[in-house]
Amino acid sequence: MRVLVVTAVTAEADAVSAGLGAAGTGATERALPGGYVLNARPSADVLAAGVGPAAAAAGTATALALASVSLSPPGSPASPASPVSSVSRAPYNLVVSAGIGGGFQPLAPLGSLVVADAIVAADLGAETPGGFLPVDELGFGRTVHLPPPGPTARIAHLLDAVHAPVLTVSTVTGSAARAGELTTRHPRAAAEAMEGFGVAEAAAAYGLPVIEIRAISNAVGPRDRSAWRIGPALDALRYAFQQLSPVFEESP
């Protein structure tokens, strides 16, 4: 299986790479257009694409497009002049959005892992006098991507992780009122982060399944940096990919 793992920042990418065993496993760095650096290895490639859904989508799409074009002989319909026609030949079998995130308490305590059974764009829509309307209820677009249920359930079991929706937000929650609003609209949500939906949009454009994995560094609610546990969350992220490395080496 060939896997593309997309994180927001380098610290997350380093934790993932450490879990996958970067040292001594033939890992190489590859520069991509746009200033991205892909850490490539036999079973999974790791990319830090930037913070937020737009950056995540752009970075993921760049990696997928370049991977597709690299398989096409010069002068073929899938040449750089028309890379979209090579979509079905992309060498990846799976795209994973990974990193740290906020956990809805008490479902996802600090240091725990969450595997998404739904990737939800929680603030993509419109405010109305009657409340928030997601973009799909406005009649266009979509706000939910559903990861493959069998593999995500297996991964959640392997990692002893919460298996529940992960919300993608453009503004991190910093108040009890905002946390309450999100919980009311998404009562099963276990975590929030800023990139999953963007990664999922790019993966969907290439017909690829997507999974989101979050290690919980803070509670969703009033912003209190003194209570954040980023180090333990990165350790949990590294542990997750240590466990997943054999899974990624399986046949697709």
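A word on terms: a residue is buried when its relative accessible area is under 20%, exposed when it is over 50%, and partly exposed in between, using a 1.4 Å probe and protein chains only. This is a predicted model, where local features need pLDDT of at least 70 and side-chain atom pairs count only at pLDDT 80 or more, while totals for chains, interfaces and linings use all residues. Numbering runs from 1 along each chain as its sequence is written, and side-chain values use heavy atoms, with hydrogens and water left out.

The overall picture comes next. The protein chain has six helices and twelve strands; these are DSSP runs, with helices being H or I of at least four residues and strands E of at least two, numbered from the N terminus. Of its 252 residues, 50% count as buried. A contact means heavy atoms within 4.5 Å. Among contacts with a separation of 6 or more, 75% are between residues 24 or more positions apart.

Now the salt bridges, meaning a side-chain nitrogen of Lys or Arg within 4 Å of a carboxyl oxygen of Asp or Glu. How many does a search of the whole structure find? It finds ten.

One of them pairs Arg178 with Asp123, at 4.0 Å from N to O. Arg178 lies in helix H4, residues 176–185, and Asp123 in the loop between strands S6 and S7, so this pair ties together parts 55 residues apart in sequence. Asp123 is partly exposed, at 26% relative accessible area.

In general, an α-helix has 3.6 residues a turn, so residues three or four places apart point the same way. Arg185 is partly exposed at 26%, and Glu181 is partly exposed at 30%. Salt bridges with shared partners join Asp123, Arg178, Glu181 and Arg185 into one network.

Another salt bridge is Glu201 with Arg142, whose closest N and O atoms are 2.7 Å apart. Glu201 sits in helix H5 and Arg142 in the loop between strands S8 and S9, 59 residues apart. Both partners are partly exposed: Glu201 at 29%, Arg142 at 41%.

Is H5 itself mostly covered or mostly open? Helix H5, residues 196–205, is mostly covered, with seven of its ten residues buried. Among them are Phe197, Val199 and Ala203. After H5 comes Gly207, with a positive phi near 65°.
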